[in-house]
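Q: Hi! Could you walk me through this one? I'd like to start with how the elements are assigned.

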Amino acid sequence: MIEFTTWRKSSRSSASGNCVEVGFTADLTGVRDTKNRQAGYFTATRQQWTAFLDAVKTGRFE
């Protein structure tokens with residue numbers, strides 16, 4: 001299992017409980033459900049995470 005040093009709750013998480021957390025290593029970003037941490041997480045490479053954030057910021061998913 002990959003050890004993420006710090007998990008942080010997304011600033012976009014809502015008060016309704018739809019929250020995600022992100023964690024980082026030198027090479028990977030992990031994403032997990034705040035309410036169900038035992039379910040695990042998925043990982044993305046630095047390049048994948050950067051592409052995802054760029055797509056979100058430019059409205060690609062709207």
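A: Helices (H or I, at least four residues) and strands (E, at least two) are DSSP runs, numbered from the N terminus. Leu53, for instance, lies in helix α1, residues 46-57. Residues are numbered from 1 along each chain as its sequence is written, and side-chain values use heavy atoms, with hydrogens and water left out. This is a predicted model, where local features need pLDDT of at least 70 and side-chain atom pairs count only at pLDDT 80 or more, while totals for chains, interfaces and linings use all residues.

Q: Which order do the elements of the chain run in, from the N terminus on?
A: The order is β-β-β-β-α, with 1 helix and 4 strands in the chain.

Q: Back to Leu53: why does it count as partly exposed?
A: Because its relative accessibility is 30%. Buried means under 20% relative accessible area, exposed over 50%, and partly exposed in between (1.4 Å probe, protein chains only).

Q: And how much of the chain is buried?
A: Buried residues are 24% of the 62 residues. Gly23, in strand β2, counts as buried because its relative accessibility is 0%.

Q: Changing topic: how many salt bridges are there?
A: The count comes to 2, a salt bridge being a side-chain nitrogen of Lys or Arg within 4 Å of a carboxyl oxygen of Asp or Glu. Arg32 pairs with Glu21, with the closest N and O atoms 2.6 Å apart. That pair links distant parts of the chain, Arg32 in strand β3 (residues 28-33) and Glu21 in strand β2, 11 residues apart.

Q: What about Arg37?
A: Arg37 also forms a salt bridge with Glu21, the closest N and O atoms being 2.7 Å apart. Arg37 sits in the loop between β3 and β4 (42-45) and Glu21 in strand β2, so this pair ties together parts 16 residues apart in sequence.

Q: Last one: which element gives the largest share of the lining of the largest pocket?
A: Helix α1 does, with 5 residues. β1 (7-9), β2 (20-24) and α1 each supply at least two.
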